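Hello,

Here is the structure for you to look over. My notes follow it.

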Amino acid sequence: MSCGEPHETECAEVLDHLYEFLDREMPDSDCTKFEVHFGECSPCLEKYGLEQAVKKLVKRCCGQDDVPADLRSKVMGRIDLIRSGQAVPETDLTVSDTGLPAAAKE
């Protein structure tokens with residue numbers, strides 16, 4: 001996605017790292033660049049607002065549930081694979097009869 005306007009920080013970079021920004025998992029200098037971009041780019045600002053609202057909704061609805069350590073470990077492993085650009089196997093993505101991912105039943 002791009003708004004078609006030139007920006008110091010490209011829309012693609014902002015959207016690729018949006019969750020890192022939302023979770024404050026990036027250096028302050030990068031956060032500042034993103035904040036400037038949101039001030040200039042309404043499509044990215046809209047996407048940011050939507051993702052922020054979804055994150056708040058998930059926290060409100062699911063924030064009290066404890067996540068099993070093995071499931072958290074597997075999810076974090078997948079995130080690391082995706083960030084490194086490696087292929088992610090789909091075998092653990094199936095949903096069981098309980099409604100939990102198959103990885104959560106192990």
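**Surface and fold**

The chain exposes about 7800 Å², and 54% of that comes from carbon and sulfur atoms (Shrake-Rupley method, 1.4 Å probe; for residues, only the protein chains shown count as cover). Of the 106 residues in the chain, 21% are buried (under 20% relative accessible area, 1.4 Å probe, protein chains only).

Please note that this is a predicted model: local features need pLDDT of at least 70, side-chain atom pairs count only at pLDDT 80 or more, and totals for chains, interfaces and linings use all residues. Residues are numbered from 1 along each chain as its sequence is written, and side-chain values use heavy atoms, with hydrogens and water left out.

The chain has six helices and zero strands (DSSP runs: helices H or I, at least four residues; strands E, at least two; numbered from the N terminus). Along the sequence the pattern reads α-α-α-α-α-α. Take the contacts between residues at least 6 apart in sequence: 45% join residues at least 24 apart (contact means heavy atoms within 4.5 Å).

**Helices α3 and α4**

Helix α3 spans residues 28-40 and helix α4 residues 42-62. Their axes come within 6 Å and cross at roughly 115° (lines fitted to C-alpha atoms over the stretch in contact; angles run from 0 to 180 degrees between N-to-C directions). So α3 is roughly perpendicular to α4 (65 to 115 degrees).

Which residues make the contact? From α3, His37, Phe38 and Glu40; from α4, Ser42, Cys44, Leu45 and Tyr48. These divide into four nonpolar, two polar and one charged.

Best wishes

Technical notes:
Parallel < 35°, antiparallel > 145°, perpendicular 65-115°, else oblique. Nonpolar A, V, L, I, M, F, W, Y, C, P; charged D, E, K, R; others polar. Buried < 20%, exposed > 50% of the residue type's maximum accessible area, 1.4 Å probe, protein only.
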